[in-house]
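Please open the model in a viewer and keep the selection panel at hand.

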4 protein chains.
Amino acid sequence: MHNVHPLPQYLITRYHGWKATAYAENSAWYRRLADDGQRPRAMVISCCDSRVHVTSIFGADSGEFFIHRNIANLVPPHAPDGQQHGTSAAVEYAVASLRVAHLIVMGHTNCGGVAGCHAMCSGHAPELEEKSSFVGRWMDILRPGYERVKELPEDQQVRALEREAVMVSIENLMTFPFVKAAVESGELSLHGLVHDIREGTLWQAENGGKRWVLV
Amino acid sequence: MHNVHPLPQYLITRYHGWKATAYAENSAWYRRLADDGQRPRAMVISCCDSRVHVTSIFGADSGEFFIHRNIANLVPPHAPDGQQHGTSAAVEYAVASLRVAHLIVMGHTNCGGVAGCHAMCSGHAPELEEKSSFVGRWMDILRPGYERVKELPEDQQVRALEREAVMVSIENLMTFPFVKAAVESGELSLHGLVHDIREGTLWQAENGGKRWVLV
Amino acid sequence: MHNVHPLPQYLITRYHGWKATAYAENSAWYRRLADDGQRPRAMVISCCDSRVHVTSIFGADSGEFFIHRNIANLVPPHAPDGQQHGTSAAVEYAVASLRVAHLIVMGHTNCGGVAGCHAMCSGHAPELEEKSSFVGRWMDILRPGYERVKELPEDQQVRALEREAVMVSIENLMTFPFVKAAVESGELSLHGLVHDIREGTLWQAENGGKRWVLV
Amino acid sequence: MHNVHPLPQYLITRYHGWKATAYAENSAWYRRLADDGQRPRAMVISCCDSRVHVTSIFGADSGEFFIHRNIANLVPPHAPDGQQHGTSAAVEYAVASLRVAHLIVMGHTNCGGVAGCHAMCSGHAPELEEKSSFVGRWMDILRPGYERVKELPEDQQVRALEREAVMVSIENLMTFPFVKAAVESGELSLHGLVHDIREGTLWQAENGGKRWVLV
């Protein structure tokens, strides 16, 4: 296969800079992380979006957060059907193996996935309804959220659906027996956030997502 | 549902620090990112592992990388079966909608997912073979890689399998028609990397993964 | 000497966050603290352990607590032998110069120093008996406490020794003439606490440590 | 012994607030910290001064920093004489047992201990020269630093001596064989800081303390 290319030079250059500074000055820590394994305190599920990096917002360094990123920070319901569920695998590894103490679902404003879901569910994106659309089928996870926002004034629906992307995921997380057990035993706590890219603000779910407050 | 908790205070404190510095000093850029949408140059597929943050290694800022993170940085083969494929959705969105120019698959050493796959395929982890194991089923994607390393001396197998996790993913990427088309037209280039946590080094696949060289 | 390195970047980032928030919003107070000097109400002697920060537990702000932290929150007996006694110097400064009104000794559960002392005194850690072991020699301070717990059922000894680490220290504090005088004149009161990391509880010594009650 | 008193009510009240909030919301994390033990990334040696809390400045949570605090953040030279050396015990425990990757010595401006040392060394505090003065004997550790600043203009001497309190400690740290070995093998890096209480700034030693730069 002749399909792999060398990295663009600017990335090589930056990598060498990182190696000579951040790595060189902290090599003892990286060695310990390699030898002793990771012991992250929290798992974060956030969006692939290039504008939202949770490590920046929370000043996190190597070893702190176990991070799964997918389109629209969605978690599907528990489905032990023997199929490949990448998100479920990540949650299982974090909760059952690493035993993280926190699981944070962080959505964001201006989410392309959520906007696509809204267009699809409101009949404006037939191409996403096709069986072959991976984005469409993935956003099906959020359909129950659309049902809860579709009666709102139209200009509020997308914003509300961004919050539903967090709450639907948290509801689905609770359908995993190992998540439910860890939550009920007090070993794990769940957190729901939406980051506003434009304003730099952070909204936090309260009362099961019925209220959202600024952090 | 009463399952959402407030964030730990130390994360709130750090967030406010970010808001008052990184955000405040760059709010014009965040506003443009929000209003104009993202236009990332590259997609990165990397592992959830808390010790490997691609934004650090490549000094990436908001807006540069569209990042999908899952266990062991795996991409399943193209399967337009109407099921939920989170990784495929992320790839579709990045390549077909955002039209990124680079798609980088970055693996790493000391990967718990790869070690689990090796244990499973070599008969030492029967619990991962069970239908209900999400991690096991997810790591099935890497079975073809195990077949290629199982004849190596035993102490080289896991290291080789970490590289296979990258190459199997790149091979699977080429089964997606829109990826293949973009690669063949020259709009997209694929890159395979393995990051060594302990040494801080970066290995790059050459010649279709037959050779790996230090960057 | 070329032995000093720059701080890891994540600490620099977090520091700038603190400067832009906590400091910026309270700079008048920090200026007064700098210009007028400290006037703490209490001295706290607690352990170095990374899991026990007395400022968090008591919501303390800058200026409130004068804090000495050493292994196992120990105070040696008064020994004006001209040698270097860091703990005694801290106590002298707090009581004789700053004239704090409270002196709190706070131990904690799961203390590595106490566990080491128990192992040493019960003959299971010969390496700590060596003259060159700084931890061993430091834990010698707690030997009188071991004598008082060694007849208890074995599974209660370590827990009891954690409390003895507090009471031995308080007894030793009373051998300092300036402490004794301040206590007897009513200018200073002593307090003994043990913090349970797992349960988040706080136990308080009563009746000279003969009884411990939940706060 | 009737020398222990109940805590002042305001501290009890604050503690109950902490228990109902920070602890309650993070009890899973505290349980893990108790059951799995601490694995701090860094040791910090700082002053007892009530105005300087390193956990605040660096947004650190439970489990991150192993903290020794004494008068003027001093480390005596290695002296395996079988005496009680609390600071040496803390350093030994952090470096040899916990294997921290960073050791940060953080001094500060307006340090009463440093000012006392300057007064003593310049002949203005005969009471500190007495054998029975614990503060005086402790500050003897900084005498070599005074020798290096005594020729400076008088109004610069105390400020320079605050920096020497950091550098003398780092030099003394290097006399401990286990520190030296860890530094030379790259397992441990040393850092020297001075925090300016009034300005909220942070100065960092470069080039072995010959230059100090703002972080």
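The model is a predicted one.

**First stop: chain A with chain B**

Select chain A and chain B, and display the residues at which they touch. The contact draws 103 residues from chain A and 103 residues from chain B. Between these two chains an area of about 8,700 Å² is buried, with 61% of that area coming from carbon and sulfur atoms.

Next, turn to the polar side of this interface. There are 42 residue pairs in polar contact between chain A and chain B, both residues of each pair being at pLDDT 80 or more. Within the side of chain A that touches chain B, helix α1 (residues 9–25) of chain A gives the most, with 9 residues. That side of chain A comprises 46 nonpolar, 37 polar and 20 charged residues.

How many salt bridges cross the interface of chain A and chain B? The number found is 4. To view one of these, select A:R198 and B:D35: their side chains form a salt bridge, with 2.9 Å from N to O.

**Second stop: chain B with chain D**

Now hide chain A and select chain B together with chain D. Here the contact involves 6 residues from chain B and 5 residues from chain D. The area buried between them is about 480 Å², and carbon and sulfur atoms supply 54% of it. On the chain B side, select B:P6, B:Y10 and B:R14; these lose the most area to chain D, and together they account for 61% of what that side buries.

By class, the side of chain B that touches chain D has 4 nonpolar residues, 1 polar and 1 charged.

Which residues meet where α4(D) and α10(D) are in contact? From α4(D), select D:V91, D:E92 and D:V95; from α10(D), select D:F178, D:V179 and D:A182. Of the residues in this contact, 5 are nonpolar, none is polar and 1 is charged.

How values were computed
Residues numbered from 1 in each chain as written. Chains lettered and ligands numbered in written order. Predicted model: local features only at pLDDT ≥ 70, side-chain atom pairs only at ≥ 80, totals over all residues. Heavy atoms only, no water. Contact = heavy atoms within 4.5 Å. Helix = DSSP H or I, 4+ residues; strand = E, 2+ residues; numbered from the N terminus. Nonpolar A, V, L, I, M, F, W, Y, C, P; charged D, E, K, R; others polar. Buried area = accessible area lost by both parts, 1.4 Å probe. Polar contact = N/O pair within 3.5 Å; in protein donor to acceptor, adjacent residues only side chain to side chain.
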